Amino acid sequence: LERPWQATTYAMALYTAGRQSEFEHVFAEARSRWGETAPRYIAMIYAWSGQVDSAFEWLDRAVASSIGDLQDAHLSPFFYNLRGDPRWNELLRRIERHPEQLAKIEFDPDIPEVR
């Protein structure tokens, strides 16, 4: 698996299929290979597999390193397991994606009439 997203989706599929030993092997390789450069993906696997505390630890790493690419995390179904946790709203505030923050964005483009 040459890219972090490939390992992530493969690990998630293995977890969902109940292939625990294969999941653990692929996940360990993903952490080793991409933990430093793609912490968001490691957080996604933790979140998908219900390991909420570890998911938040890796999300914190992603935010702290500024390489997390979390702009769309609030939309991602991969983080669904985290949404009921109070830390989720805290994270959204830190990355400026909390619904209250997004609601304050004014967007009123002047779209010219096309004839």
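## Arg33 and its partners

Arg33 has a relative accessible area of 40%, which makes the residue partly exposed. The model is predicted. Arg33 belongs to a salt-bridge network that also includes Glu2 and Glu29.

One partner is Glu2, which forms a salt bridge with Arg33 at 3.5 Å between the closest N and O atoms. Glu2 sits in the segment before helix 1 (4-16) and Arg33 in helix 2 (residues 20-34), so this contact ties together parts of the chain 31 residues apart in sequence. Glu2 has a relative accessibility of 57% and counts as exposed, because the cut-off for that class is over 50%.

Glu29 is partly exposed at 38% relative accessibility.

## Arg94 and Asp60

A further salt bridge joins the side chains of Arg94 and Asp60, with 2.7 Å from N to O. This pair links distant parts of the chain: Arg94 is in helix 5 (residues 86-94) and Asp60 in helix 4 (residues 52-65), a separation of 34 residues.

Arg94 is partly exposed, with a relative accessible area of 45%. Asp60 is also partly exposed, at 35%.

## Overall count

The model has eight salt bridges in total.

Note on methods: Residues are numbered from 1 along each chain as its sequence is written. This is a predicted model: local features need pLDDT of at least 70, side-chain atom pairs count only at pLDDT 80 or more; totals for chains, interfaces and linings use all residues. Side-chain values use heavy atoms; hydrogens and water are left out. A salt bridge is a side-chain nitrogen of Lys or Arg within 4 Å of a carboxyl oxygen of Asp or Glu. Helices (H or I, at least four residues) and strands (E, at least two) are DSSP runs, numbered from the N terminus. Buried means under 20% relative accessible area, exposed over 50%, partly exposed in between (1.4 Å probe, protein chains only).
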